[in-house]
Amino acid sequence: MSALSLSPKPFLISLKDRSRLSLTTHLKTQKTLFCKSKRLTKIITAKSDGGNSADTGDRIISAVCYFYPFFDGIQYGKYVINQFSPIQALIQPLVPAIRVFKSFPLNGFLVFLTLYFVVVRNPNFSRYVRFNTMQAIVLDVLLIFPDLLERSFNPRDGLGLDLLMSLDSTVFLYLLVCLIYGSSSCLLGQVPRLPIVAEAADRQVL
């Protein structure tokens, strides 16, 4: 009888050990699944960035676009370039590309159409590329105003000529700053926002 009374104890201990082992295994399984689910969520979140990625290709395309308004408005630097040798040294490597751009009168208009309809209106490009391209286009469109002033008031000397030189130099320096700031920011993967231009570009790029 003493042997029979002792026999259930190992059985009870065995059940407890099994239940503990089962609970421990279950907890480990749940923890593993949770970690995998968390990692998967991070991967999906990282990939689903809404088209605002800025990989190497996007950066290069966006940086190159800022050369368009600079090449189109290079004539406004005729006074500054002749007076300051550092600016001459900075512009010198771009002279061949500027000559090609200026070789045909309609090149500027053709580039405008290409950038607007092939890039800005193309959803296959990321918003990063389309936004920077639109900024370059808006910047080029703004060149219409100093061009109209120069054509309307074309003084030969005196105060009028001084004002014209100041206007042209200001426009050129602004284009140069936009080129350096815009291109360098794009190459670094940042989003350059030019004064006035950025708001107009935001409205066009949905």
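## A loop to start from

At 69% relative accessibility, isoleucine 196 counts as exposed. Isoleucine 196 sits in the loop that links α11 and α12. Its backbone has a feature to look at: phi of isoleucine 196 is near 70°, a positive value in a residue other than glycine. Please keep in mind throughout that this is a predicted model.

Proline 195 is found in the loop between α11 and α12 too. With 54% relative accessibility, proline 195 counts as exposed. From proline 195 to cysteine 178 there are 17 residues in sequence, while their C-alpha atoms are 9.7 Å apart in space.

## The chain as a whole

Let us step back for a wider view. The protein chain has 12 helices and zero strands. Read from the N terminus on, its elements therefore give the pattern α-α-α-α-α-α-α-α-α-α-α-α.

How much of the chain counts as buried? Of its 206 residues, 31% do. Contacts can also be sorted by how far apart the partners are in sequence. Among contacts between residues at least 6 apart in sequence, 76% join residues at least 24 apart.

## Helix α9 and its partner α3

Helix α3 (residues 56-65) packs against α9 at an angle of about 5°, and their axes are 8 Å apart. With that angle, α3 is roughly parallel to α9.

Which residues make this contact? On the α3 side they are Asp58, Arg59, Ile61, Ser62 and Cys65, and on the α9 side Tyr128, Val129, Asn132, Thr133 and Ala136. Sorted by class, the residues of the contact of α3 with α9 are five nonpolar, three polar and two charged.

## Helix α9 and its partner α12

Helix α9 (residues 127-141) also packs with helix α12 (residues 197-204), here at an angle of about 125° and with the axes 8 Å apart. This angle makes α9 oblique to α12. The crossing of α9 and α12 is right-handed.

From α9, the contact draws on Arg127, Phe131, Met134, Gln135, Val138 and Leu139. From α12, the residues are Val197, Ala198, Ala200, Ala201, Asp202 and Gln204. The contact of α9 with α12 has eight nonpolar, two polar and two charged residues.

## Helix α9 and its partner α11

A further partner of α9 is α11: the axes of α9 and α11 come within 12 Å and cross at roughly 175°. The two helices, α9 and α11, are therefore roughly antiparallel to each other.

Tyr128, Asn132 and Leu139 of α9 meet Tyr174, Leu175, Cys178, Ser185 and Cys186 of α11. The contact of α9 with α11 has six nonpolar, two polar and no charged residues.

## Two residues inside helix α11

Helix α11 spans residues 158-187, and aspartate 168 lies in it. Is aspartate 168 buried or exposed? At 0% relative accessibility, aspartate 168 counts as buried. Leaving out residues up to four places away in sequence, aspartate 168 touches Tyr76, Lys78, Tyr79 and Glu150.

Valine 171 also has its place in helix α11. Its relative accessibility is 14%, so valine 171 counts as buried. Again not counting residues up to four places away in sequence, valine 171 touches Tyr76, Leu143 and Pro146.

## A look at the cysteines

How many disulfides does the structure hold? The number is zero. Take cysteine 65 as an example: the closest cysteine sulfur to its own is in cysteine 186, 8.2 Å away, which is too far for a bond. A disulfide would need the two sulfur atoms within 2.5 Å.

Cysteine 65 counts as buried, at 6% relative accessibility. Cysteine 178 is buried as well, with a relative accessible area of 3%.

Note on methods:
Residues are numbered from 1 along each chain as its sequence is written. This is a predicted model: local features need pLDDT of at least 70, side-chain atom pairs count only at pLDDT 80 or more; totals for chains, interfaces and linings use all residues. Side-chain values use heavy atoms; hydrogens and water are left out. Axes are lines fitted to C-alpha atoms, for helices over the stretch in contact, and angles run from 0 to 180 degrees between N-to-C directions. Helices (H or I, at least four residues) and strands (E, at least two) are DSSP runs, numbered from the N terminus. Angles under 35 degrees count as roughly parallel, over 145 as roughly antiparallel, 65 to 115 as roughly perpendicular and the rest as oblique. A crossing is left-handed if the near helix is turned anticlockwise from the far one by less than a right angle, and right-handed if clockwise. Contact means heavy atoms within 4.5 Å. Ala, Val, Leu, Ile, Met, Phe, Trp, Tyr, Cys and Pro count as nonpolar, Asp, Glu, Lys and Arg as charged, and the others, Gly among them, as polar. Buried means under 20% relative accessible area, exposed over 50%, partly exposed in between (1.4 Å probe, protein chains only).
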